[in-house]
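I opened this notebook to record what I looked up, entry by entry, with the cut-offs beside the terms.

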Amino acid sequence: MMTAKTNKLNLFDFTMIVVSLVIGMGIFRTPLNVAQAAPDTFLFFAAWIAGGLIALCGALTYAEIGSRLPVTGGYYKVFSYAYHPSVAFAINCVILVSNAASLAAVALVGGEYITAIFIPLSKDMEWMKVAANANFIQTIHIIIAITAIIIFYGVNLAGLKMSAKTQNVLTVIKIILILLLIAPLFFADNSAVNQLANQSTVSPTFKEYIKAFGIGLVAVSFTYGGYQQTINFGAEVDKAAKNVPRGIFLGIAIIVTLYLTINYAYIKVIGFDTLHDKDTKNIAAFMASKIFGINAERVLSGFLFLSVLAYVNVLLMSNPRVMYAMSEDNILPPVFKKRNPKTDVLTVSLSVFAAICIIIIFWAKEFDRILSFTIFLDCFGMILSAATIFILRKKTKHLDDTGIYKMKWFPLMPLVFIAAYVFVAISIALDYKDNKHAALTGIAVMAAFTGLYFFLAQLKKK
């Protein structure tokens, strides 16, 4: 009994897992996207608060799903059990592509920040506005992003086992970066405080307000992403009925507090007008330079790039293993199980995933386009996976009184979560100017993987 208990996650462990799953690279870039969509600071902060509430509803929903169906294989087994293997195959493949897109997007952010070391933004921001330099700068970002992927593809191909060390380094870098981002609040003067007021000279219509809120939520959703992994821990928490909701509430509360504080620091130090300017880049480094000078900008840019490299390495290590698991279940062809006999590396799976990341970078070329694409793909997975709770509650009713976590206010939580992601998907699809191709491509990817499942099924029969 003691052994079983010590193997369970306590409240603190689970809370820290929730925090570490969510806080990533997004907060160092996406506030720009939210500010550029928002007509004023009220909507800017409203989007971040709404994102936290949506994340709370989602995390509680996924925690119960994990408690009711604690199986190895994650999303595939849940989708297959609740729907059909074709849906499971398509969504799992979509999630892999979405993960590749997230890696590509973060790698491009790394390209933006490492460029700032050599061309400090605070010294002369005009270079960002010179049309002749635009293509050159974009090419530099692409080269740096692809180079980062190739380097860590080689590291993983060599069989170096860096998962634990990388996670520790990433956590330390995150803490340092967050402290550095909050620090300017204590050194800045009040020159930018007036930016907290409404900056819009013309009041937007209700329709424009709702549209801006939806586009803002796209970037916010990317920044809050990761809580869905609580699906893997619902059955591993000690006293799950009490500690799961407490851990999620505490974790999301910490995350929302940090995100609001960091965004307040951005606005106080840089100003909402600067965030709203489409030519503004690398806000974290730029904010450091405003208080501590160009050298601080370079140092923070270097830390951010190291954090990017750690994130790239983690995804290159984890996603090939998902492809291996799918191959073991005869979902993907056997070739995805192929290992290097000397290094024990999943060579085919690793190579395919790295290639998908590079293809996405070449296709999208910039962070904003990848952001819309990856979130649109995520909408499929989020909506369909959260909806499984309605099916699982019926199929696993016998577990209700066995001590598993069971959310309160059902079905309000999953309905709010599903409605939010439907709203985000519609916002992307209707934003024809910037996101039309991202939405159409996302639909095409989903349809292609569904068709591929039935094609592979026919091959197996023959």
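**Entry 1: salt bridges.** I took a salt bridge to be a side-chain nitrogen of Lys or Arg within 4 Å of a carboxyl oxygen of Asp or Glu. With that criterion I find that the structure holds four salt bridges. I note at once that this is a predicted model, in which local features need pLDDT of at least 70 and side-chain atom pairs count only at pLDDT 80 or more, while totals for chains, interfaces and linings use all residues. Residues are numbered from 1 along each chain as its sequence is written, and side-chain values use heavy atoms, with hydrogens and water left out.

I began with Glu64, which forms a salt bridge with Arg68, the closest N and O atoms being 2.8 Å apart. Both residues lie in helix α4, four residues apart, about one turn of the helix; helices here are DSSP runs (H or I, at least four residues), as strands are (E, at least two), numbered from the N terminus. For burial I used relative accessible area, with buried meaning under 20%, exposed over 50% and partly exposed in between (1.4 Å probe, protein chains only). Glu64 is buried at 0%, and Arg68 is buried too, at 3%.

Which side chain meets Glu64 in a salt bridge of 2.7 Å, N to O? I found Arg393 there. Arg393 lies in helix α15 (residues 367-395) and Glu64 in helix α4, so this pair ties together parts that are 329 residues apart in sequence. Arg393 counts as buried, with a relative accessibility of 15%.

I then turned to Arg68, which has a salt bridge with Asp400, the closest N and O atoms again listed, at 2.7 Å apart. Since Asp400 lies in the loop between α15 and α16 and Arg68 in helix α4, the pair ties together parts that are 332 residues apart in sequence. Asp400 counts as partly exposed, at 21% relative accessibility. Through shared partners, salt bridges join Glu64, Arg68, Arg393, Asp400 and Lys406 into one network.

**Entry 2: packing of helix α4.** I reminded myself that two packed helices are described by the angle between their axes and the distance between the axes. The axes are lines fitted to C-alpha atoms, for helices over the stretch in contact, and the angles run from 0 to 180 degrees between N-to-C directions. Helix α4 (residues 41-68) packs with helix α10 (residues 240-269) at an angle of about 160°, their axes being 10 Å apart. That makes α4 roughly antiparallel to α10, on a scale where angles under 35 degrees count as roughly parallel, over 145 as roughly antiparallel, 65 to 115 as roughly perpendicular and the rest as oblique.

How does helix α3 (residues 30-37) pack with α4, and at what angle? I read an angle of about 130°, with the axes 8 Å apart, and α3 and α4 are therefore oblique to each other.

For handedness, a crossing is left-handed if the near helix is turned anticlockwise from the far one by less than a right angle, and right-handed if clockwise. α4 passes α10 in a right-handed crossing, and α3 passes α4 in a right-handed crossing as well.

**Entry 3: the loop between α15 and α16.** I looked here for backbone features and found a cis peptide bond joining Phe410 and Pro411, with omega about 10°. Pro411 lies in the loop between α15 and α16, and Trp409 has its place in that loop too. Trp409 has a positive phi of about 60° although it is not a glycine, and with a relative accessible area of 56% it is exposed.

**Entry 4: a nonpolar surface patch.** Trp409 came up again, for together with Phe249, Leu412 and Val416 it makes a nonpolar surface patch of about 410 Å². Patches are made of residues with over 30% relative accessible area and no salt bridge, like charges being joined within 9 Å and nonpolar side chains (Val, Leu, Ile, Met, Phe, Trp, Tyr) within 5 Å. The areas come from the Shrake-Rupley method with a 1.4 Å probe, and for residues only the protein chains shown count as cover. Val416 is found in helix α16 (residues 412-430) and counts as partly exposed, at 35% relative accessibility.

Entry 5: Phe79, in helix α5 (residues 75-82), counts as buried at 0% relative accessibility. Pro320, in helix α13 (residues 294-328), is buried with a relative accessible area of 2%. The C-alpha atoms of Pro320 and Leu96 are 9.2 Å apart in space, although the two residues are 224 residues apart in sequence.
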